[in-house]
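This briefing concerns the structure shown below. Selected elements, contacts and individual residues are taken up in turn, grouped by topic.

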Amino acid sequence: MLDDFFIRALVAGIGIAFVAGPLGCFVVWRRLSYFGDTLAHSALLGVTIAYSLEFNIAVSIFLISSVIALILIQLQRKTNLPSDALLGLLAHSSLAVGLVVIGFLTFIRFDIMGLLFGDILAVNKKDLFIIWFGGALILITLKIIWKPLFASTVNYELAEAEGLNPDRAKAVFTVLLAAIIAISIKLVGVLLITGMLIIPTAMARNLSDNPQKMVIFSIIGGLLSVFIGLFSSLEFNTPSGPSIIAAALVLFIFSLLKVKQTIQLKN
Amino acid sequence: MSIENNILVKLNNVGLKQNQKWLVQGVSLQVEKGKIVTLIGPNGSGKSTTAKIALGFYKNIEGNVEKYTSNIGYVPQKISIDWTLPLRVNDLMLLTENLSDEVINESLTLTGVKHLKDKSLANLSGGEFQRVLLARAISKKPDLLVLDEPVQGVDFTGEIELYELIKELSLKLNCGILLISHDLHTVMSATDHVVCLNGHVCCCGSPSEVAKNSEYKALFGEQASQTLAIYEHKHDHVHTTDGEVKKK
């Protein structure tokens, strides 16, 4: 069954949707969408390093993203620049350096469009293993740090006062973010991963009145986006990543109808 | 835990300097089981900072803090819930501890907001929100409660009611309470020990002693202390507008 490229893409997409939902909620709650974007941009550099050193791509991306996160923390401490400027600096410079390095590696043929926007044909059985095994690890870790992470998202001082160690939870969460980018790059590509994290979550926000519901709805939204996106990608021969994200956008637009209704009810 | 004297937390001559400026300096106090210690003082006098030092937020403090419990309930001075995070009262109650429904209901009933349990936090009034925060802090039956202006936004009768509740709780749970307020009057009846801060400890003692103290009057105005002071001591310093101490 897994010999069919489309089935493999579906299985990969389902795995990623399960992980992207809960992580995406925290990205939205903690206002980290630009941070996620920066990590994702730096992933391209990770890919080139993986190719030139013949290293595992997911591991390489994970390491580079973690390094970029550390550099960001250092820059925030040592410069007077605002965070969004630093994020832009890191995102675009790492993307640019990645592309320049690709230019030097003339002996390898890169599918740049595939790297940037995802390529379902490229998902092999090993990738499926990395996605499902890595995804399970990410979810288990998130479950473990859920309480301190969630409490400090609501109020940092409260979490710290009551002994929950919010700084550790934050550091672990950054690693998890780097990890999901590493495992989902083949499906949606570096430029669209943040969309996979944020758009189903944004849809879920419109439909939920409590955090648990929001997590569940964002998983459902992610799954639907993967199904609709991949099937239409097959039908209309469109690139997989953009199709998934476009499907997520359509779901988001539908969820706005619900918001409109609630606002009308209130008035 | 230091059992002999029931001390929960003890501050020994602590101070905190940030950006070459002392936020607070030379503060010593202790909170014991079943006792309420109130910090009063004007804005920027270091009340919240002192409470945060007691909670162990800062690493680079002067002096030292002895803490004998880790079961702490905290009501921060300011808490703003982001609208991106949908949160009901019930979710907030479960924030740092997994509590049973019974315990949650009991705490919410104590602070008089049980009917709001399934409401979204975004729809609460300021006073209701404070009551929910207080319920959350007491729900895990802490040894030490740190309450940073817990009644802000609550109307006058509610304020007195809540202070009475806080007093009741300290006896019922036998917990120590570090309370921050900017008004001595409303907390008077509930407090065992008052520390009046203005960058340093201006005066301390029982509420009536502090009310009579000239430094307290200098800070809060003559009207604030309704009782006429008999005891008076000489000022050896004045405060600049940002609370810094200047020797005369």
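In this predicted model, the cover over the buried residues of α3(A) includes α2 (33-53), α4 (83-104), α6 and α8 (166-188) of chain A. The buried residues of α3(A) themselves are Ile57(A), Ala58(A), Ser60(A), Ile61(A), Phe62(A), Ile64(A), Ser65(A), Ile68(A), Ala69(A) and Leu72(A).

**Helix α3 of chain A and its packing**

- Helix α3 of chain A covers residues 57-78, and its 22 residues should span 32 Å at 1.5 Å a residue; the end C-alpha atoms are 31 Å apart, so the two values agree.
- Two packed helices are described by the angle between their axes and the distance between the axes.
- For α3(A) and α4(A), the axes come within 10 Å and cross at roughly 145°, and the crossing is right-handed.
- On the α3(A) side, this contact is made by Ile68(A), Ile71(A), Leu72(A), Leu75(A) and Gln76(A), while α4(A) contributes Ser83(A), Leu86(A), Leu90(A) and Ser94(A).
- Sorted by class, the residues in the contact of α3(A) with α4(A) are six nonpolar and three polar, with no charged residues.
- Ile68(A) and Leu72(A) are among the buried residues of α3(A), and both also take part in the contact with α4(A).

**The nonpolar core**

- The largest nonpolar core has 147 residues, and those with the most contacts inside it are Ala43(A), Ile61(A), Ile180(A), Ile181(A) and Val146(B).
- Helix α8(A) provides the largest share of this core, 13 residues.
- Ile61(A), one of the buried residues of α3(A), is in contact with Ala43(A), Gly46(A), Val47(A), Ile181(A), Ala182(A) and Ile185(A), leaving aside its neighbours within four places in sequence.
- Two of these partners, Ala43(A) and Ile181(A), are likewise listed with Ile61(A) among the residues with the most contacts inside the core.

**The contact between chains A and B**

- Chain A gives 20 residues to the contact and chain B gives 19 residues.
- In chain A, α1 (5-29), α6 (125-154), α7 (156-161) and α10 (211-236) each supply at least two residues of the side that touches chain B.
- The largest share of that side, five residues, comes from α7(A).
- The side of chain A that touches chain B comprises ten nonpolar, five polar and five charged residues.

**Chain B**

- Chain B contains eight helices and eleven strands.
- Of the 248 residues in chain B, 40% are buried.
- Among contacts in chain B with a separation of 6 or more, 63% join residues 24 or more positions apart.

**Individual residues**

- Asn13(B), in strand β1 (residues 7-18) of chain B, has a phi near 50°, a positive value in a residue other than glycine.
- Asn13(B) counts as exposed because it has 12 C-beta neighbours inside 10 Å.
- Glu149(B) is found in the loop between β6 (144-148) and α5 (156-172) of chain B, and its phi is near 50°, again a positive value in a residue other than glycine.
- Glu149(B) has 18 C-beta neighbours inside 10 Å and therefore counts as partly exposed.
- Leu121(A) is located in the loop between α5 (112-117) and α6 of chain A; with 13 other C-beta atoms within 10 Å, Leu121(A) is partly exposed.
- Leu121(A) and Asp4(A) are 117 residues apart along the chain, and their C-alpha atoms are separated by 9.7 Å.

How values were computed
Residues are numbered from 1 along each chain as its sequence is written. Chains are lettered from A and ligands numbered from 1 in the order in which they are written. This is a predicted model: local features need pLDDT of at least 70, side-chain atom pairs count only at pLDDT 80 or more; totals for chains, interfaces and linings use all residues. Two residues are in contact if their C-beta atoms, placed from the backbone, lie within 7 Å. Helices (H or I, at least four residues) and strands (E, at least two) are DSSP runs, numbered from the N terminus. Ala, Val, Leu, Ile, Met, Phe, Trp, Tyr, Cys and Pro count as nonpolar, Asp, Glu, Lys and Arg as charged, and the others, Gly among them, as polar. A residue is buried if 20 or more other C-beta atoms lie within 10 Å of its own, exposed if 12 or fewer, and partly exposed in between; C-beta atoms are placed from the backbone. The expected span of a helix is 1.5 Å times one less than its number of residues. A nonpolar core is a set of buried Ala, Val, Leu, Ile, Met, Phe, Trp, Tyr and Cys residues joined through C-beta atoms within 7 Å. Axes are lines fitted to C-alpha atoms, for helices over the stretch in contact, and angles run from 0 to 180 degrees between N-to-C directions. A crossing is left-handed if the near helix is turned anticlockwise from the far one by less than a right angle, and right-handed if clockwise.
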